[in-house]
Structure formats: structure tokens, C-alpha cells
Amino acid sequence: MPKAKTTLANATLFSSNEKAFDLKAFLYHYIWRHWYLYLILPAVAYFAAWTYLRYAVPEYEVKCSLLIKDEQKGSGLSETALLQELGAIQETKNIENEIQILKSQTLMEEVVRELNLSVKYFAVGRVRNEEMYGNNYIKLDSFKLNKRAGATLDIYYADSLQFELVTGENRTLHHFGEWFETKQGSFLISRNSLYPILDQGHVIVQIHSVESLARAYSNGLLAKPMSYYSSVLEMKLHEPNAYRAADILNKLVEVYNRAAVGDKNKVSENTIKFIDQRLLYLTEELSTVEGGVQKYKQSNQIATSIESGMGIVLNEMSQFDEEISNQEVQRSVLQNMEAYLANMTGGRYQLIPANLSSGDEALSQLLLIFNEKVLSRDRLMQTAKPDNPALLSLNQELQSLHANVLETIRKVQKRTETILAIARGKRSALTGKVRDVPRMERELQEIMRQQSIKQNLYLFLLQKREETLLALASTTPNSRVVDPARPNNIPIKPQKRLIYILTILFGLSLPALYILLKDLLNDTVQGEDDIKKATDAPLLGGIALSRSGKNIVVSSQSRSAVAEMFRLLRTNIQFMLPPGVQTGQTILVTSCSSGDGKTFVTANLGVAMAISGKKTLLMELDLRKPKLARYLDSNIGEKGITNYLLGQATMEEIIRPSSLQENLFYIACGPIPPNPSELIMYAALDELMERLKADFDFIVIDTSPVGLVADALLLNRFSSASLFVVRQGKTQKGMLKTLADIHQEKKLRNLAVVLNGIKEGRSYEYGYGYGYGYGYYEAEKGNRKGFWAKFGK
């Protein structure tokens, strides 16, 4: 007899020691046994990835860099720079604030409007629609929507003059360049002859809300400094169309610079507006004074050139008059500025004309700082809420600066009044010296002085207006483009290589996951380990799953794997039977439930024993669902054990020889009784068994499943050994508790387990270690290569 992998002499048969991890069995179970899944599923995953990449909309990353200028740096030891160095005031430009301004929805809405991004054109394809940007062969020139939610137009190109509009199931023909109306609004579409017609000329025109589109672009814009100490910003935008992303970034920088220049020019524009108003008023006053001089001379017949009788005195008086004129001009400017500031109540701070107070440097610096803070606050209010800490801080600074400016103006006014009073006092002293000058000349001099004051103020304002216009023309933006945005033709999404790798790995992992999940959900016995975990009953052997379709697989000429395993089982039984007994050895075969193969094991084990020269009897004592007679190709209606127990037949009448083997006999069930358990308890059965033990070497009894009825336990009184058949993939693991209880309580004599129905490739300890090529067994009919022929080695 061939040697098993593990001999019965060691603790294999009667020990339940756990086996070490079997790498070969693991690889076979999870890989080789399901090799086709590892080919099919990765291929399906690869095809799915290819399909996704074929029709997925790519996403491109476009970037540009922008230098944010800081005008306060590099200004030398100016008063503002010193105040910033001492911490008295904060820097007027913060790179984080500029980032928030660049990402503001206000700027982005302007970009969307100027680029006309709210209108999108899609060429309809068979699987997905392709967006046309810059190459659309039709153009929506103008539209008026009935709702702000947007609109969609389904258009078919007809010819160079006409197109069809699809609305539901209706088609209407319209001409290019003519207005047409729908429920969504009024539209004007023209033909763009610069680009050819794509596919069938089917175009979808989508009109989006400017606000929602700008919000989406603002949220998608990424802006950050290129380093911690750098003033260079890097802006990125992810878009399905690289050219549109580049246009958006470049236009955003343009709009940002334009807004920054506009903020700077607000001071100059406010100053020009103020000067223009004063010039208009002074022109009227100067005309009135000059008209008065003319009338005074005409009415008093005064010559055009006044003779000077007191040359030196009049020159001094003229100098004091000029001084008084200048101081009155300064006083007038200061009074107007004070009134302008006094109207700024409730935090409504506005820009102050900054270059009119040329007489005091400190006041000029304060006005410059005040205007810069007002600009910073206005820009921050575009993106920040009223309770923003930075906005509250700026309001506090403006409130403090407003009070300081007013206080400084009042101090300058007092100083001007003092200088003006001194000049007037000195002039009054000189006036006493010319009391003898004729009254008309003195009066004319007074009128001329008023004319000089108005004229000097007029010339002063004209000069400041020209200076302001020069500053307005020379304003530069806050930023400079380092690298403009350029289209990038390499998409960042989807990443083809990564997707292919992940999908193939996923496809390779699916079979293992499927097998693992199937194993976890499978509550049937899969191998000897499941049996050893449930019970200490010895495992006598295993029977491979027969694919021949025959009930009897053992014969004298049979060399199949299943037949050899029954021969091995026959040999192993010898170690269980009591030694020294030559005849009457009775083997009881049972199982947990119907379908485990106990009748199959009973019949083939009996044939194997008969082949060895032992006179063997098979008894069909499964009186509830008998099958043994059918396995032996016997007449089911013939007399059997029930007829004998009821006194309807003799022992000689129920014992039948089998045509399978010379030494094989059997006793059929006979008619199925209504009370099998009671019938088994008859004393006639005991007498029969005694007579049979004397006539036969082996008696193999096929009984009812012990997990369902107690018939097998009642027959235990006749057995020398008991075989408990467990079928792989059929017997529930929970049923093994019945086996464990029977073994522990010794309800069946010499109980051992037989694992039946082992499928191909299952690692089993009692299989032969020889392959089919060695000629030790042959393939079954109906099984192309045989079970152990392929996997036994």
C-alpha cells in the first residue's frame, strides 16, 4: 500500500495538533485555484480605466507670478518710514490683504464680464460634449434673460444663413444676426465664419449667472507667496480649458492693477474736483473785484498809473500787503479744509485734498497718512465683514488721525492768525504816515489789494491743479507681472499612469477579496482544521469528490484516486478495531444530516473490504430514507430487514449476494416502517446480529443521520467502531457540535471522522504523495485529469 504524507504511526490519526502555516496551500487557494479571475478582473479594470480616461474631461493647471510692490520701502528716512519703524503706524500694504483682493468676487465678476465667460458653447458628441473656447463657429452676440438663473439653447446648424432651435419636441428655423424670443428670453446669434463646422453642427449654448461663475472661479483660485519673505505671489487655476485659464489669470492681473491705479487716483481726482470748485468761485469774485476797480477809476476820473508820492513807504506797505495776502490765502485754505473734515461724522471718512497745505510739512504728512488709511479701509471693506478685526483697527486709526489732522489745522490757523495780525499792525503804522494821501488814492489802494489777494489765490490753485494732473498721469500700478499665465497642454487630472496602476492593483485585489469574503460567509466545513477545532474525535481519512457520476467507484481493477482513498480508509480502520477478533467486526456509519455521503461511504467501503478477501455484509438500517439498495443496483421492492423483524422473512431470505464482488453481501431495508426506532429495539435484531457476526468477517451498517434521529445511537450496541461522515462544503460547522457531544459522552463506540467530498486542489493530509505520472492511480471517467493526478504531489 502506498505511503501517506503523514504516517498513522505518529500522532496524525489521534492527535489534533495545529499545523504550521501552509504557504503552498494558501497560494493555491487564493491564486492558482482561481487563476482565471486574476486574468479577467484586471483586464476588466484596465478596460474600465481606459474607458474612463477616454471620455473623462481633463483638468489643466495654469500659473502666473506677480510682484506686489511696497511703495513704503526704499523711501529713505522719511517721516512715514520712521513712524513705521517705531511702530506708530502700520505698513499700508499687506500681502495677505492683496491675496484676498485678488480672490475677491468683485474683481472676478469684472473678469467674467470682460471675457464674456458666462456664455459657453458645447459641440454635441456621441458620448460626451466637447466645449469650444475661442473656436466656436456660432456666437451669442447679445441676450436678455427673463430670469437670472441662466438659460440653455439647443441649436442645429442649417446653413450659413440659418439655424434650427430645438425646444422640447419643437424645431424652429431662425436667421443668423436676427433677434428671436423664447420662454427663457431674447437672443441674437451670429455665424463666426473663421472656424469650421464640427460634426453635425449640433451646439449647446449655456448661459450662466455671472455671480455664480465668478464665485466658482474665486474659490478655485490658489494664491500664495513664493516664500515667507517674498513679495512675489504665485497664482494657480485649475480648468478644463488651459487657454481659458490663462486668459482668466492675465485678465485678473489687469483688472487688479486697474483697480489699484483707480484707488491711488481717488486722492488726485478728489483734489482736482475741489480745486475746480474753488476756481469757479474765485473767477466770479475776481471778476467782481476787477469790475469794481474799473468803475471806481471811471467814477473818480483816476489815471491808469498811480503816481507814487511816497515811494519807500508804499513799497513797504506793498510788502506787508503781499504778506497779508499770502496769509489770508493760507487761512482760507485751512478754513475750507477744517469745514471739509468737520463734515466727516459717524466714521464716513473720505479722501482729503493733500497738496493744498504747502505751508506746513507736518500737516502734509498727516494728510498723506490719512488718505492712505482711507484707501486701505475702502479696499478691505470689499472683502471683509464689518466686525473684521483689521477693519475695526483701521477705523480706530482713522478716528485718531482725523482728530490729529483737525488739531493740527487749528494750530496752523492760530499761527496764521498771529502772523496776519502782526503784518496788519505794521501796515497800520505805515498807513498813519500816508494820511495825507488823497482819499481816492487810498481807497483805490484798498480795492487793488483785494484784487491782488484774489489773483494770488487763483494762480496758486491753478498751479496745484497742474501738479495734481501731473501726479495723476504718472500713477503706476501696485504690481508687476513676473511671469504671465501661459496655457499648459499637460493635464494634471486625470493622471493616466496612476489610474492605470491603481485600477490594475484593484483588479488584482478583487479576486482575493472575493475569495476571502466567500470564505468568511461560508459556514460549511472546508477541511480537517475545521473538524479539529470543533472536536477531539480522530480524523480517520478523507474521500475525494468523485466526478464519475457512479455510486460505486471501487473495483478490483480500479486505480482511481477515490478508489485508492477507500483502500487507505479500509487500512486505517484496522487500527481502530479490537485486536485479535477475526470475525464479526461491525462498523457503524452515520452523519449529521442527509446528503453527507454516508451511504456512498458505506457501499464503497464494503466493496473495498470484499476485494481484500473479507466476507463482508452491508446492512441498510437507515429505515427512514434507505438508499443502499439503489446504490447496489438491487430491486428496491425485495424483502429486507423490516420483513425479518416483523416475522415475514427468514435470515436466509433477506441476505442477498452482490454482483459487484464475490465476497460482498447485503441486506436491504424492505418496506419503510412507521416506527423505525421501536423496530430497531426489537430483540429479533439482536439475535440476527449474533448470527451474522458468526457468518461474516465485516458487517458495515448504514444508519440514519445521528444529527436528526436517535437510530444510530440505538444501534451502537452492535458496533465495534463508528464512522462519522462529514462532507466538505455541505456539512454545517454548527452541526459539528453534535459530533463533539457524541464523542465526549462516548455515545458511539470507537468514533472516528471521515471527511468526504474533498474537491480538487484541497490540501489534505492523507492524500498520496505521488503524481499521476508515476502510475500509482489513474483518472476517473468523467474527470479529465483526475484529482490527485494534478494536485497530489
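Asn-750 sits in the loop between helix H22 (736–744) and strand S21 (751–758), where helices (H or I, at least four residues) and strands (E, at least two) are DSSP runs numbered from the N terminus. Its phi is near 45°, a positive value in a residue other than glycine. At 36% relative accessibility, Asn-750 counts as partly exposed; here buried means under 20% relative accessible area, exposed over 50%, and partly exposed in between, with a 1.4 Å probe and protein chains only. Lys-746 is placed in the loop between H22 and S21 too, and has a positive phi of about 55° although it is not a glycine. Lys-746 is exposed, with a relative accessible area of 69%.

A word on the source: this is a predicted model, in which local features need pLDDT of at least 70, side-chain atom pairs count only at pLDDT 80 or more, and totals for chains, interfaces and linings use all residues. Residues are numbered from 1 along each chain as its sequence is written, and side-chain values use heavy atoms, with hydrogens and water left out.

**The chain as a whole**

The protein chain has 23 helices and 21 strands. Of its 793 residues, 45% count as buried. Take the contacts (heavy atoms within 4.5 Å) between residues at least 6 apart in sequence: 78% of them join residues at least 24 apart. Gly-292 belongs to helix H7 (residues 242–300) and, at 29% relative accessibility, is partly exposed.

**Strands and their partners**

Let's turn to the strands. In S15 (residues 585–591), seven of seven residues are buried. Both faces are covered: Gln-585, Ile-587, Val-589 and Ser-591 are buried on one side, and Thr-586, Leu-588 and Thr-590 on the other. Strand S1 (residues 60–68) is largely enclosed by the rest of the structure, because seven of its nine residues are buried.

The table lists the pairings of these strands; two strands pair if DSSP finds at least two bridges between them.

| Strands | Sense | Bridges | Example of facing residues |
|---|---|---|---|
| S15 and S19 (residues 698–702) | parallel | five bridges | Gln-585 and Phe-698 |
| S15 and S20 (residues 721–727) | parallel | five bridges | Thr-590 and Phe-724 |
| S1 and S12 (residues 232–239) | antiparallel | eight bridges | Glu-61 and His-238 |
| S1 and S13 | antiparallel | four bridges | Leu-67 and Arg-480 |

**From S13 into helix H12**

The loop between strand S13 (479–483) and H12 holds Pro-494. The peptide bond from Lys-493 to Pro-494 is cis, with omega near -10°. Helix H12 (residues 496–521) then has 26 residues and reaches 36 Å from its first C-alpha to its last, close to the 38 Å expected at 1.5 Å a residue; the expected span is 1.5 Å times one less than the number of residues. H12 bends by about 30° at Ser-509, and a proline, Pro-511, follows within four residues. The bend is the angle between axes fitted to the seven residues ending at a residue and the seven starting there. Pro-511 is also one of the buried residues of H12, which include Ile-499, Tyr-500, Thr-503, Gly-507 and Ile-515. Helix H1 (23–30) and helix H2 (35–55) are among the elements that cover them.

Which residues of H20 are buried? They are Leu-685, Leu-688, Met-689 and Leu-692. Seen down the axis of H20, these fall within an arc of 100°, so they line one face of the helix; the arc is taken from the directions from the axis to the C-beta atoms. On the other side of H20, Ala-683, Glu-687, Glu-690 and Ala-694 are exposed.

Leu-685 and Leu-692 are also among the residues with the most contacts inside the largest nonpolar core, as are Leu-617, Met-619, Ile-641 and Ile-655. That core has 43 residues; a nonpolar core is a set of buried Ala, Val, Leu, Ile, Met, Phe, Trp, Tyr and Cys residues joined through side-chain atoms within 4.5 Å. Apart from this core lies another, of 39 residues, among them Val-553, Met-565, Ile-573 and Val-700. In soluble globular proteins, nonpolar side chains tend to be buried together.
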